[in-house]
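Please look over the sequence and the structure below.

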Amino acid sequence: HFWGEGGGLYIDAGDLTEINLADVSIINNISKLGGGISYHSGNVNFNTVDRCNIYNNRAVLGNELFFDRSLSQTIFIDTFTVVNPTDFHIGIQIGMGNDDVEFNINSGLYDQFDIGVSDIFVSPFGDNNHHGLNSDNPLLNIDNALNRIQPDSLNPVNINLMSGVYGHDTNEYFPIVLNKNISIIGMDKGETFIDGTNYNASALAIYGPEIGEETFWNGTITIENIHIRNFNTSPVITISFAKPAFHNILLTDNFINSDGNTGILIYSEYSNPWFYQTTITNNASNRTDDTAFGIAKHSVVIMINSIVWNEFQHEIMHENSGGIYVLNSNIKGGLDYLDNPEFNIGLDQDNLETLPLFTDIAVQNYTLQAGSPCIDSGTADIDGDGYEDLTDYCGEAPDMGAYEYIAEGCELSSASEIPLP
């Protein structure tokens, strides 16, 4: 069950209970924590001769295994998803590290990329039998890349998405789960789509490999130059115990079926996400009290040069412990569309609440018309230090939203270096 624990096996038997696992195969299960096994208590022994098989399980945190405490013994496995498990495969409670869990694995279902490989290429026209190390030999889907990379703080990995649609036709698995030191970069802005058609799932889940009260990790993670569309599950994006940066992202044409609870497009808890030059528009739901942003549990959201313009009662809802800082952005309804405007809200005087004037939303063309108030209404000083961080724009200042309006005679040369949070 997706929102449960331990898709294959849930262990919370008490510390005095002996549990022996021999010749057990835990395969193709799904849950929120520990797609294969979720462990809380009990003396678990993995047989060293009649070894178990654990692979191809799915979860938001810990695809194969989730632990909220260390095991005193080595985990002996015959076939695991990979020989060297990463945060993508193992989820842990705060205070533990992967170094506390020891593995002895005979073989992996996937061959892993070497540590230090920093760029992987994926294409809807690729093949998972390709080596994936350049754009001439791309993999087919994002999930295959996530299973095989070995990122760390010294060796972050970019998954470079070539133009096309990632979804049903590429056999993509949703939600795409991102842990620290991983970035997903669209190689062609406006031509790279993550599409939820024919899925009943969220698009993206960003979870820290460790979970615990009021703690989040600072590992590098960026989502850039991607259009996320046609999802119907709330939330479409979940951010938990993380500090990701969203740049040149479009989040449009999602219809939330919330089924009794408040529907949320983007949910953030214990996190500090940054959204700059993003367009979040033309999203709707089956309830009047749904929202674009749900900010909870000490999250602080930073929004710069962005457009948020949807069919919700409130564009932004947040608990008293959460906050949002909005700079040079166009928010539908302004303060009237914030459910708690008196709590932890930083609103710059250069914000707008004016119809953005997109070119043609009927065909998902979210470029700006010539008369859009968003043109030249952004800021080039992203970090507020008095110096321009964005240099590649037309006119007097950058525009709001994911697309820069290209005036006659103006050419954009290259991506600017933008300071990560």
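How many bridges join β2 to strand β6? Four bridges join these two strands, β6 spans residues 43-46, and the two run parallel. This is a predicted model, in which local features need pLDDT of at least 70 and side-chain atom pairs count only at pLDDT 80 or more, while totals for chains, interfaces and linings use all residues. Residues are numbered from 1 along each chain as its sequence is written, and side-chain values use heavy atoms, with hydrogens and water left out.

- Strands are DSSP runs of E with at least two residues, numbered from the N terminus, and two of them pair if DSSP finds at least two bridges between them.
- In β2 (residues 18-21), Ile19 and Leu21 form the covered face, whereas Glu18 and Asn20 form the uncovered one.
- In a regular strand the side chains alternate between the two faces of the sheet.

**The six-stranded sheet**
- An open sheet with parallel pairing is formed by six strands in the order β16-β19-β22-β25-β29-β32.
- At its edges are β16 (176-178) and β32 (314-318), each of which pairs on one side only.
- Strand β29 (residues 291-296) is joined to β32 by four bridges, and the two run parallel.
- Ile295 has His318 in β32 as its bridge partner.

**Thr252**
- Thr252 lies in strand β23 (residues 245-252).
- Thr252 is buried (under 20% relative accessible area, against over 50% for exposed and in between for partly exposed; 1.4 Å probe, protein chains only), because its relative accessible area is 0%.
- Leaving aside neighbours within four places in sequence, Thr252 is in contact (heavy atoms within 4.5 Å) with residues including His227, Arg229, Thr281 and Tyr366.
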